[in-house]
Amino acid sequence: MSRVRALLARETALAWGKGGGPLVAVGFYAGVATLLPLAVGSEPERLAAVAPGAAWVALALAALLSLDRLFERDFEDGSLDLLTLSPVPLEIICAVKCLAQWLATGLPLALAAPVAAIALGASPQLSGLVIACAVLGGLAFSFMGGIGAALSLGARRGGLLTAVIVLPMFVPPVIFGGGALASLDSGLPWKAGFALLGAYTAAAVALGPLAMAAACRNALS
Amino acid sequence: MIPEVSIQSLALSRGGRQLFSRLILRLSPGEAVALTGRNGAGKTSLLRAIAGLIAPDEGQIAFGGVEPAEAREAMHLLGHLDGLKSSRTARDELSFWTGFAGGAGDAPEVAAARLDLLPLLDLEVRRLSAGQRRRLALARLLAAPRPLWLLDEPLSPLDAEWRGRFGKIMGEHLASGGMILAAVHDPLPLNARTVEIGR
């Protein structure tokens, strides 16, 4: 247990150090919130309509950017070899790495998501659901993205490969979460979409580590 | 913890090319073996196979009745890939890896003192020279005692003085019943049986 705690602390510190943390999250959203009006036009109604969805897409992209090197660095510097020589199962190690990645990047992004949505003109009453969806969705992005990062280990241009593997797996949470937000915005029942998002996240957290560990073992051998 | 390492008619291949076959090797407590062979002969691969990272084509690697998963907790693997993160301090990295390998208490400081690393502990790993970095990786072996040391070119970045001092450390490890399997190009600074890999 103390090994898992030490690993979580180290991984979180490393992820925080290489572009995690609240300031980077806010800066990222500020950039998206600036780009979006330039791209789709600055009419308030149009922006308000796309605001919750834009926050979602930004979250997915940010997850993708930070996941790129999740296993690659440890693979290259030998950490992955040493981590396998411990009594901690590789599945747990992979789960801890994803969790740390989420703590350092996904969670700050989720907490900053309503700021971006409101800045773009979304209704403030959506804020609660925006945070809840971003917290759950970010967790799913981390664990599903970890599979792609582990599968592309050792490949040249691994980052691009990760994106191609991972983006299809990001589709369900975006549909469920985006659907829940759109429903709440137009006064329709939103709980079904939110529950499906929760189910997808639970499945990602439970099954992702098995796939990641298998992919890591394959890359090491 | 591991009574012996016994390798029976082992064959390994990497990338579709067979490195060696019918390798037989036996290592008992208190014994050191220097693996030699040309570049690409499979010395590193053999060490990784013993650590369970590569599956052999044929043959067995046995640890005197101990299950491989359990035996893995009784070995240190030290290669040119040392798992040290350049953005973290030497102290953080040493205590993390010591803890992860099952060492506890003030073992990291004691090991660091033994390897003259105390003044360097608060530096980031990126500030260390290649030799200092290798000493930091070696400190892990002392801080978390495990009987089997699998060393891949352990001496290469060390200067003459440190080669001698590390030879003494290895001698103490053997005297306490440890086992050492080292892939080397230069002779080890202690009495070791030499096994040539390939051809």
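## Basis of the model

Residues are numbered from 1 along each chain as its sequence is written, while chains are lettered from A and ligands numbered from 1 in the order in which they are written. Because the model is predicted, local features need pLDDT of at least 70 and side-chain atom pairs count only at pLDDT 80 or more, whereas totals for chains, interfaces and linings use all residues.

## Where the chains meet

The contact takes 18 residues from chain A and 19 residues from chain B; two residues are in contact if their C-beta atoms, placed from the backbone, lie within 7 Å. On the chain A side, helix H1 (2–17) and helix H5 (79–84) each supply at least two residues. Helices (H or I, at least four residues) and strands (E, at least two) are DSSP runs, numbered from the N terminus. H1(A) gives the most to this side, with seven residues.

By class, the side of chain A that touches chain B has seven nonpolar, seven polar and four charged residues. Here Ala, Val, Leu, Ile, Met, Phe, Trp, Tyr, Cys and Pro count as nonpolar, Asp, Glu, Lys and Arg as charged, and the others, Gly among them, as polar.

## An enclosed helix in chain B

Helix H3 (residues 90–100) of chain B is largely enclosed by the rest of the structure, because 10 of its 11 residues are buried. A residue is buried if 20 or more other C-beta atoms lie within 10 Å of its own, exposed if 12 or fewer, and partly exposed in between, with C-beta atoms placed from the backbone. Among the buried residues of H3(B) are B:Asp92, B:Glu93, B:Phe96 and B:Trp97.

The cover over these buried residues comes from both chains: it includes H1 and H5 of chain A, together with helix H4 (107–114) and H5 of chain B. After H3(B) comes B:Gly102, with a positive phi near 100°.

## The parallel sheet of chain B

Five strands of chain B form an open sheet in the order E5-E6-E7-E3-E8, with parallel pairing. Two strands pair if DSSP finds at least two bridges between them. Strand E5 (75–78) and strand E8 (193–196) of chain B are the edge strands, each pairing on one side only. Neighbouring strands of this sheet are turned by 15° against each other on average, direction ignored.

Within the sheet, strand E3 (residues 32–36) and strand E7 (residues 179–183) of chain B pair over four bridges in the parallel sense. One bridge partner of this kind is B:Ile180 in E7(B), which stands against B:Ala32. Helix H5 (residues 130–143) of chain B packs on the sheet, where it touches E5 and strand E6 (148–152) of chain B, and its direction makes about 175° with that of E5(B). Axes are lines fitted to C-alpha atoms, for helices over the stretch in contact, and angles run from 0 to 180 degrees between N-to-C directions.

## A hairpin and two positive phi values

E1(B) and strand E2 (residues 17–27) of chain B pair in the antiparallel sense over seven bridges. B:Val5 stands opposite B:Leu27 in E2(B). The hairpin of these strands has two residues between them, and B:Gly15 takes a positive phi near 55° in it.

B:Ser9 lies in strand E1 (residues 5–14) of chain B and has a positive phi near 35°, although it is not a glycine. B:Ser9 counts as exposed because it has 12 C-beta neighbours inside 10 Å. B:Asp116, also not a glycine, has a positive phi of about 55°. B:Asp116 is found in the loop between H4 and H5 of chain B and is partly exposed, with 13 other C-beta atoms within 10 Å.

Leaving aside neighbours within four places in sequence, A:Leu59 is in contact with residues including A:Leu109, A:Ala113 and A:Phe141.

A:Pro209 lies in helix H9 (residues 191–220) of chain A and counts as buried, with 25 C-beta neighbours inside 10 Å. Apart from neighbours within four places in sequence, A:Pro209 is in contact with A:Glu91, A:Cys94 and A:Ala95. A:Leu196 is also in helix H9 of chain A, but counts as partly exposed, with 17 C-beta neighbours inside 10 Å.
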